[in-house]
Amino acid sequence: MNDSPSGPTNLATDSANVAVQAEAIHGPVNVYQVAAAPSPEEIFEVGLNSLRAGMAPEAREHIRDAVVLRNYVNGHSCFYLLLALLSGRTLQQVPPNEIDMLRCVRGAVKDDDEWADAIKLVDHLLTSRPQEGGAAGLEQEFQKLTDEQRNDVLQHMEMFLDSSAEDALWARAFDAAKSDRCANDRLGRAWKFFQPEPIGARVRPADPVLIGLGTWTAATAATAPALAAVGFIGATAWQHNGTAALFTLLALAAGCYASVRGGVEWRCKKERRQAKDREYLRRPAPTTRGDGFASKIDRQFNHYSALYTPRGANKARWLSETAGVRQSLRDEVVTIYRESTVNAKRVAWLTRYLVADVARRWQAGKLWDYRKELRVPFLLKAMCVLTSAAATAAGAFLVWSGAHVRPLPVSLAAIAALASVWSAARLWLRIAAEYRRHSADKAEKKSLLAGRQAAFDRWKSKLADRPDDLEMARWLECDRKALMEQAMALYRLKRQDVLAHAFIEAPATPSYARARVQNGPWRYSKYKILLFLLTKDGVRQLTQHLDFQKATTRSRARTNYRYDAFTSVQVAETDSGENVFELTLTNGDPIKVKVTDPPSDVTETEDKDPQGASQLTLGTAGLSNALHVLEGVAAEGKEWIAFERQREKVPLAEVSKGVNAIFA
């Protein structure tokens, strides 16, 4: 069994991943959550995290609150307020009140501030847009920035590099994306983000001691006459020969003790072996259907049982010979974790461990070792028989000796003793065997729990370096830049040839994993990314499937159409709650893409705001800008581009007015 991931679906031993749609919600995570009594710095930090995660509307709200309402004014905060106001939209999309804010923020920072150069660069990108050659000197200004500042400008000012920046700036953005695309061990860590937080190790507790008050009463009631009868016979035998009677009584006591002790061990081993045989050799129950917890555990066991077929083994034989054992383990998992708030995926680590352990023991020929361990040794049987015979002989000798003194009373006492001793022995044997069984079960459960806890600790340790949502967002942004570079090379375009562009990111069906942090958008293991490039000759659409965990793409599809081929574009919500992007052309079938899944089942995913998660995901999927661009083209055709340039002159002129700082 291998411990490292081998892709988004099949991983070995404690690192396996299910080849079905999965989801996880990580929390509590404070990266996008504001404290109960937050300081301006804390509010700004949440806004900054939201911005870097692609949640621009949330970022604008938090950063504006910190800077404008709470007077948290410095170069750092003002720079990121500018980026938040401009991220993912053009000036035409910025409302008038935020245009005023743009103008004021630009004058709130002194020239000696370490963030002044970054703010000047943003100002340059804004005010130089209508000019030919307006990108002159931008390269030098970029050189003055830190890597962090450059990456943030290139990511959030993307719309303002379309017509003002030279190809060199886009080349810089592409180079930065190449450098960061697999940074921080993405290929070794990205898959961990989609793993749910595992629930702790458990075992089914040992069955309690099943000895009722009636058994104790019956055992006591049978013991009293037995002791009385044996005592009477012993006392009578003492009158005949005291020394012989004393040694015979000692032999009787020792024989009874040894035989009972051996009998307890014999019975306990026999009953435990029979119980395990009944459990492990039973016919498996049919797999349950549906979406309930038991059904999902069934599918987990079926999946891993097929996946972990021992190397070189006959699969049918492996599944047949281990069916009862696996069914027993499946039933245990369902019993101990079947709670309304437990996501079945959170116990997948245990399913993997249990099936892998069964496969290891089956391949080593140790799966049925319990039969050897619980087999009653011949010496134990012999000792039990011999000591019982010795006790019987001693009892017979006492009766013989006592009969010499009082024949009739001793004979009657012997009959009473035989009946009561037999009854008492059976009852005390049952009681002692049950306590021995309980003790053995507790020891076995303790050993099982130790093994499962070790597997849980290994899995937790493996997930310890799980990437956070900001890393996932940065990697996805690098993927978008890589796709942009591929599209431009494919269509042999330069930056000045691209009049506008838009991205749409959607989960790639049919099989993918998804996960999110609390208050964050869904992230997917597989994406379907649509890139729209608006050129003077029409629209170039490039569609690619991205395997996020491997940072690879496949299934490239190219579509070209004229501006007058648009008839409508919309995002519609289906009856199931899915959000579907639909682009209708005059010829051909509509282009439909599912952008978000239906809201999740709150019980299954522990998601407190499934509808909010869908809206956040829509915001990070690039739909806002895509709809702005495509709806404009659908309404106005190619002229939309020229009209958009004219419309932007008004807000641009507003931004270029003199500075009226409002921060005191």
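Buried, on this tour, means under 20% relative accessible area. The model is a predicted one.

**Stop 1: R480**

Select R480. This residue sits in helix 19, residues 469–490. Its relative accessibility is 14%, so R480 counts as buried. Now show what surrounds the residue. Leaving out residues up to four places away in sequence, R480 touches E158, F503 and E505. R480 and F174 are 306 residues apart along the chain, yet their C-alpha atoms are separated by 9.7 Å.

**Stop 2: the whole chain**

Zoom out and colour by secondary structure. The protein chain has 23 helices and ten strands. It runs to 664 residues, and 51% of them count as buried. Take the contacts in the chain with a separation of 6 or more: residues 24 or more positions apart account for 73% of them.

**Stop 3: helix 3 against helix 7**

Select residues 75–86, helix 3, and residues 147–156, helix 7. Their axes come within 9 Å and cross at roughly 20°. Angles under 35 degrees count as roughly parallel, so helix 3 is roughly parallel to helix 7. The crossing of the two helices is left-handed.

Show side chains at the contact. Helix 3 brings F79, Y80, L83 and L86. Helix 7 brings E148, Q149, D152, V153 and H156. Sorted by class, this contact has five nonpolar, two polar and two charged residues.

Stay on helix 7. Is this helix mostly covered or mostly uncovered? Mostly covered: seven of its ten residues are buried. Select them as Q149, R150, D152, V153, L154, Q155 and H156.

**Stop 4: the nonpolar cores**

Which residues have the most contacts inside the largest nonpolar core? They are F79, Y80, L86 and F548, in a core of 78 residues. Helix 3 gives this core its largest share, nine residues.

Centre on F79. Setting aside neighbours within four places in sequence, F79 is in contact with W115, A118, I119, V122, Q149 and V153.

**Stop 5: T215**

Move to helix 10, residues 213–240, and pick T215. With a relative accessible area of 12%, T215 is buried. Display L427, R430 and I431 as well: T215 touches these residues, not counting those up to four places away in sequence.

**Stop 6**

Finish with the backbone. Most residues other than glycine have a negative phi. Here are two residues with a positive value.

Select N71, in the loop between helix 2 (56–69) and helix 3. N71 is not a glycine, but its phi is positive, near 60°. Its relative accessibility is 41%, so N71 counts as partly exposed.

Then select A551, in the loop between strand 6 (538–547) and strand 7 (552–561). A551 has a positive phi of about 60°, although this residue is not a glycine either. Is A551 buried or exposed? Buried, because its relative accessibility is 12%.

Key: Residues are numbered from 1 along each chain as its sequence is written. This is a predicted model: local features need pLDDT of at least 70, side-chain atom pairs count only at pLDDT 80 or more; totals for chains, interfaces and linings use all residues. Side-chain values use heavy atoms; hydrogens and water are left out. Axes are lines fitted to C-alpha atoms, for helices over the stretch in contact, and angles run from 0 to 180 degrees between N-to-C directions. Helices (H or I, at least four residues) and strands (E, at least two) are DSSP runs, numbered from the N terminus. Angles under 35 degrees count as roughly parallel, over 145 as roughly antiparallel, 65 to 115 as roughly perpendicular and the rest as oblique. A crossing is left-handed if the near helix is turned anticlockwise from the far one by less than a right angle, and right-handed if clockwise. Contact means heavy atoms within 4.5 Å. Ala, Val, Leu, Ile, Met, Phe, Trp, Tyr, Cys and Pro count as nonpolar, Asp, Glu, Lys and Arg as charged, and the others, Gly among them, as polar. A nonpolar core is a set of buried Ala, Val, Leu, Ile, Met, Phe, Trp, Tyr and Cys residues joined through side-chain atoms within 4.5 Å. Buried means under 20% relative accessible area, exposed over 50%, partly exposed in between (1.4 Å probe, protein chains only).
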